[in-house]
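Subject: Structure handover

Hello,

Please find the structure we discussed below. Notes on what was found in it follow.

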Amino acid sequence: MRYFFSFLRRYLPPYKSKVVITLLCNIASAVFSVVSVALLIPILEIIFQQDSEVTTLLPWTLDSKVVINNFYYYVTSVKVTYGPGYALLFSGLFMIIATMLKCGMAYAASYSNVGLRNNMVRDIRREIFAKIVSLPVGFFSNERKGDIMQRATGDVAEVENSVMASLDMFVKNPVLIIVYIASMFYISLELTVFAFVMLPIAGSLIGRVGKSLKRQSSEGQAKMGLLLGILEETIGGLRVVKAFNAEKHIVDHYSKETQSYCNIAKRLSRRRDLAHPMSEFLGTIVVIMVVWFGGTLILGGSGTLFFSDSDNALTVAKFLAYLGIFYQVINPAKNFSSAYYNIQKGMAAMERIDKILLADDHIFENADGTPIKHLQSGIEYRNVTFSYNGEIDVLKNVSLKVPKGKMIALVGQSGSGKSTFVDLLPRFWDIEKGEILIDGVNIKDYRLHDLRGLMGNVNQDALLFNDTIYNNIAFGVDNVTQEDVERAARIANAHDFILAQPEGYQTNVGDRGSKLSGGQRQRISIARAVLRNPDILILDEATSALDTESERLVQDALEKLLVGRTSLVIAHRLSTIRNADMICVFHEGRIVEVGTHDELVALGGYYKKLHDMQAL
């Protein structure tokens with residue numbers, strides 16, 4: 001439960017006013033509930049003809065004895081004047097009013113609690129999404145996408161259904177129980193003490209059943225994350241599945257994991273469903289024991305074990321009212337046991353969510369970072385060494401100067417470190433040894449937002465969002481106009497094919513741009529970079545996956561984009577970087593050759609081999 005209270009400390013403070021309102025309404029509801037049940041006493045006394053007439057009206061005070069005396073005075077007056085039937089009606093009218101006020105206050109408490117519950121769930125959803133967006137790229141290389149989606153959706157829903165539903169327990173049930181128990185003590189100290197000897201025994205038996213619920217719930221949420229991961233991978237790789245006739249294999253694999261989840265869910269549901277019948281059964285035992293003990297007090301003659309004063313004697317009417325109040329305690333007490341199960345289940349989901357929310361963000365930003373708006377002199381990699389998760393070094397003591405306005409091409413075999421080299425510049429990863437400087441200042445000393453604002457990216461896989469062409473081009477840029485977007489599209493050789501679309505710039509591109517060809521997606525990606533107008537441009541094999549015609553159009557667009565910009569261009573096709581100001585050849589994490597195209601061909605090294613292979 002400590003984790004649950006820690007959870008409340010994190011998300012409850014902004015809504016203290018709602019908690020206070022809910023608490024006050026619950027107190028009022030509990031008081032009126034006791035009053036409505038207590039009004040049974042004069043009604044029962046009239047029916048059993050056990051009531052004693054009160055003929056003296058005392059001055060009104062907050063003393064309970066005065067209030068009871070005066071109420072009995074008015075009941076006596078009605079009874080003497082109009083008869084017992086009207087006295088019953090008089091008492092019943094007050095009981096109706098008390099019940100109406102009780103129900104009204106209960107609804108007001110629930111009304112306030114709904115806002116509290118839904119606002120807290122909204123905050124969790126916002127926080128987990130913001131955290132996912134802010135986490136470094138490296139975090140997701142060790143996590144399954146499906147499991148992350150499950151934590152952001154299914155686990156949050158579990159917290160909403162389990163934990164948030166149990167918030168009512170903490171702002172309602174304690175109040176009800178305290179008021180009810182105080183009333184029970186007022187009616188009969190002996191009976192209440194006896195009841196409290198029985199209730200902990202029943203509670204301990206209920207608590208034992210739920211010990212393993214949290215562990216099983218965590219297993220279930222993890223398995224659902226695995227299922228979502230399989231589903232996401234299958235949809236994304238459906239062409240491969242069909243091409244290799246692997247439908248049966250993938251279905252069998254999914255069916256096996258689904259059966260495993262089904263088994264966990266059945267165990268979890270059976271244990272959870274045991275809470276209500278067990279608490280009801282144990283509650284019945286407690287009630288019977290209380291009835292037995294109360295009956296012995298009444299049948300014993302004195303009606304009390306500790307008091308000789310007849311005012312404190314337990315009468316039949318008081319005992320029946322006591323049972324009515326005790327019954328009111330049973331439901332909140334049973335809700336405690338059910339809420340305990342729900343909290344254990346919900347906290348297992350919250351722990352999975354916290355693996356994201358509390359994940360270390362290894363990209364630390366200096367709170368007093370230096371602002372930067374434009375590149376002034378250039379970029380320098382100085383003795384940079386880097387490895388993923390402390391494993392084999394991908395870059396080994398790499399140094400390179402990139403003057404402002406120059407196009408630097410990076411070539412080499414796959415896995416030689418080119419993509420890692422450019423990913424370090426916007427701090428998708430942070431280096432372990434060496435430093436990267438922009439205008440002579442370490443990039444870690446700049447504001448992260450400003451640093452990335454200097455750069456534009458065009459990658460081999462042009463990622464478009466399931467939105468309109470217009471919004472994809474304008475993505476991440478504020479206060480743009482239609483003319484700005486069209487100008488960027490013209491530079492990217494995309495304007496004409498966009499106008500040919502059914503709704504022009506307002507055409508939806510589909511999931512990941514699936515309604516467009518590869519060349520069209522790439523040109524929209526270039527238009528997005530053009531609109532941003534970055535000082536530094538990073539191109540990662542932007543034309544390698546295109547056909548010859550599309551490559552020509554994209555290459556023309558890139559040439560317009562590169563004019564006057566500082567650019568890092570990763571290329572496998574050497575023909576696209578012949579005019580680069582400098583070409584760097586990567587081999588096994590090192591830069592082994594640097595020069596222009598003609599210089600490197602004349603050198604006869606790695607670049608010459610690559611050139612001859614492509615020429616062949």
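By class, how many nonpolar, polar and charged residues are in the lining of the largest pocket? The lining has 26 nonpolar, 9 polar and 13 charged residues. In this count Ala, Val, Leu, Ile, Met, Phe, Trp, Tyr, Cys and Pro are nonpolar, Asp, Glu, Lys and Arg are charged, and the others, Gly among them, are polar.

Before the rest, some ground rules. This is a predicted model, in which local features need pLDDT of at least 70 and side-chain atom pairs count only at pLDDT 80 or more, while totals for chains, interfaces and linings use all residues. Residues are numbered from 1 along each chain as its sequence is written, and side-chain values use heavy atoms, with hydrogens and water left out.

Overall

The chain has 24 helices and 10 strands (DSSP runs numbered from the N terminus: helices are H or I of at least four residues, strands are E of at least two). Of its 616 residues, 45% count as buried (under 20% relative accessible area, with exposed over 50% and partly exposed in between, using a 1.4 Å probe and protein chains only).

The pocket

The largest pocket has a volume of about 2,300 Å³. A pocket here is an open set of points on a 1 Å grid over the protein atoms alone, where a 1.4 Å probe fits, with protein on both sides within 12 Å along at least five of seven lines; lining residues have an atom within 4 Å of a point. Grid points are joined across faces, edges and corners, and the volume is the space filled by probe spheres set on the points. The lining is made of 48 residues, and V137, F428, L463, F465 and F475 lie nearest the centre. Elements that give two or more residues to it include α5 (84-134), α16 (418-423), α21 and β7. The most comes from β6, with 5 residues.

The six-stranded sheet

An open sheet of 6 strands runs in the order β6-β7-β8-β3-β9-β10, with mixed pairing (two strands pair if DSSP finds at least two bridges between them). Strands β6 (455-459) and β10 (590-595) are at the edges with a single partner strand each, so one side of each has no neighbour in the sheet. Inside the sheet, β3 (residues 407-412) and β8 (residues 566-570) run parallel and are joined by 4 bridges; M407 has S567 in β8 as its bridge partner. Helix α21 (residues 518-532) lies across β6 and β7 (536-540), at about 175° to β6 (axes are lines fitted to C-alpha atoms, for helices over the stretch in contact, and angles run from 0 to 180 degrees between N-to-C directions).

The four-stranded sheet

The order in this open sheet is β2-β1-β4-β5, and the pairing is antiparallel. Strand β1 (residues 378-387) is joined to β2 by 7 bridges and to β4 (residues 433-438) by 5. Bridge partners include F386 with L395 in β2 and R382 with E435 in β4. β1 and β2 form a hairpin with 5 residues between them, and N389 in the turn has a positive phi of about 55°. Of the 10 residues of β1, 8 are buried, so this strand is largely enclosed by the rest of the structure.

S36 is in helix α2 (residues 16-38). Is S36 buried or exposed? S36 counts as buried because its relative accessibility is 6%. Leaving aside neighbours within four places in sequence, S36 is in contact with M95, A98 and T99 (contact means heavy atoms within 4.5 Å).

Regards
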